[in-house]
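Work through these exercises with the sequence and the model open side by side. Try each task before you read its solution.

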Amino acid sequence: MVLKSLCERIAASKCSSKSSTEAVDNTQVPAYSKAGSSDSKFSKASSLWSTIFTSAFSVVETYSESSASEKKAVHSRSSGWAAAVRKAVTGGSGSMRRLQERVLGPSRTDISSSDGDIWLLGVCHKISQQESTGSVGTSNGLAAFEQDFSSKILTTYRKGFEAIADSKYTSDVNWGCMLRSSQMLVAQPLDKEYINILQLFGDSEVSAFSIHNLLQAGKGYGLSVGSWVGPYAMCRTWEVLARNQREKNDPGEPPLPMAIYVVSGDEDGERGGAPVVCIEDASKRCSEFSRGLAAWTPLLLLVPLVLGLDKVNPRYIPLLHSTFKFPQSLGIMGGKPGASTYIIGVQSEKAFYLDPHDVQPVVNINEDTREPNSTSSYHCNVMRHIPLDSIDPSLAIGFYCRDKDDFDDFCSQASKLAEESNGAPLFTVAQSRSFSKQVTSNDVSGANTGFQEDDFLGTDRVNDSGTNEDDWQLL
């Protein structure tokens, strides 16, 4: 929710969305991290140009409005806020965009009805056959998509914040994109006052989920200032940070009002490394979060995956596409090697994303913040997309379940998706880890997931050429 006065002032302003192409100080050249086998592949991405201007990224600009979805109401700001954001983010795009256009070519507006409906974090924006990008102003479906897109919280590179720990880094330019992508994913389901949400992701140690605190929490997973980090380490870092913040605020309300469950692969590798969502484990996370006071709490599921070697195995593309139809969808942390983005929607073969690579001055957000320009940099109406099959195979999918019924629905959706995977699911569901390893006849006893034997064992199949089709890596 947003204060009415703040909405009105935001609505009356233009989005500054200012970027910078200033050179990075020599003391802030990233030393790419090699911690963890699943993340070491990113160490080759050492170029500033390849990080900011990945050649496969397409830029799409369109202007639209927002839809209302009953199931996603808990994830959305009020309609008044959405309308205010739409007006706030329709300003200039800044020098970074102009430079990107020189490198990538002119921006294109190629969202068309022929590509079908657009799914944005579990919400379907229906594009009629009569609509085209040439008449965006009067296209209800496209307008709803744009408003929904631009209402999502954006976090980008910042410069000029207080030095991180005892380092000299006052900017995360050229190395902090995965940290920023993860902040965006975690910010979306928060149901707090708008200003309070932005405060959580400020750029100082005072802000609970700042990159300062993320780097501190992730030391055990190889996170360090100036070093790139992969999806798996990022997911584990959020698990540690949320626990630390909960203990720090005991007995008060924790900054993150939900349990976190990082869904890992089968430890013995018996399922080809496919992560297993264990219902008992999820219940345990909720119980620990509530300190035994509640059987279930809101739950954030993070599923780190490695779906190939140099590129995503084509058989997983339809499955990734389908996850955006889950009402619980929080999108994907991923992009190109060394250039993470936050993917929030799909249309046909396109993956729409929020880009953290624009460089913006640090903004100090506090309870007294009322100036629209102070918050406009946290939103964007530039609808960039990349081919879904071009994203890096190392990624993480997020889901948010607001209660037990929502989690049960997620498990049902996931079970159905696994049944459609031809033996190579993104992840599986089981009642417990012991049940996930016990394959009995056609069904898994007690799991109530609808999985059959092939659903669990199929990820280890060999193709006709005698090579393993599925490039799974155990996380």
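The exercises below go from the overall fold to single residues.

**Exercise 1. Overall make-up**

Task: State how many helices and strands the protein has, and what share of its residues is buried.

Solution: Keep in mind that this is a predicted model. Start with secondary structure: the protein has 15 helices and 13 strands. Next, take burial: 58% of the 475 residues are buried. Then look at contacts with a separation of 6 or more: 75% of them link residues 24 or more positions apart. Last, take the surface: the accessible area is about 18700 Å², and carbon and sulfur atoms contribute 47% of it.

**Exercise 2. The nonpolar cores**

Task: Find which residues touch the most other members of the largest nonpolar core.

Solution: The largest core holds 67 residues. Within this core, Phe201, Met234 and Trp238 touch the most other members. Now take Trp238 and set aside its neighbours within four places in sequence. Its remaining contacts include Val186, Phe201, Phe209, Leu214, Ile260 and Leu302. Ser182 and Gln183 are also in contact with Trp238. A second, separate core has 46 residues, among them Leu320, Phe324, Val346 and Leu426.

**Exercise 3. A strand and its partner**

Task: Work out which way the side chains of strand β4 point, and how β4 runs relative to strand β6.

Solution: Strand β4 covers residues 259-262. Ala259 and Tyr261 point one way, while Ile260 and Val262 point the other. In a regular strand, side chains alternate between the two faces of the sheet. All four of these β4 residues are buried. Ile260 faces Leu300 of β6.

**Exercise 4. Cysteines**

Solution: A disulfide is a covalent bond between two cysteine sulfur atoms. Then check burial: Cys286 is buried at 0% relative accessibility. Cys380 is buried too, with a relative accessible area of 9%.

How values were computed: Residues are numbered from 1 along each chain as its sequence is written. This is a predicted model: local features need pLDDT of at least 70, side-chain atom pairs count only at pLDDT 80 or more; totals for chains, interfaces and linings use all residues. Side-chain values use heavy atoms; hydrogens and water are left out. Helices (H or I, at least four residues) and strands (E, at least two) are DSSP runs, numbered from the N terminus. Buried means under 20% relative accessible area, exposed over 50%, partly exposed in between (1.4 Å probe, protein chains only). Contact means heavy atoms within 4.5 Å. Accessible areas come from the Shrake-Rupley method with a 1.4 Å probe; for residues, only the protein chains shown count as cover. A nonpolar core is a set of buried Ala, Val, Leu, Ile, Met, Phe, Trp, Tyr and Cys residues joined through side-chain atoms within 4.5 Å. Two strands pair if DSSP finds at least two bridges between them.
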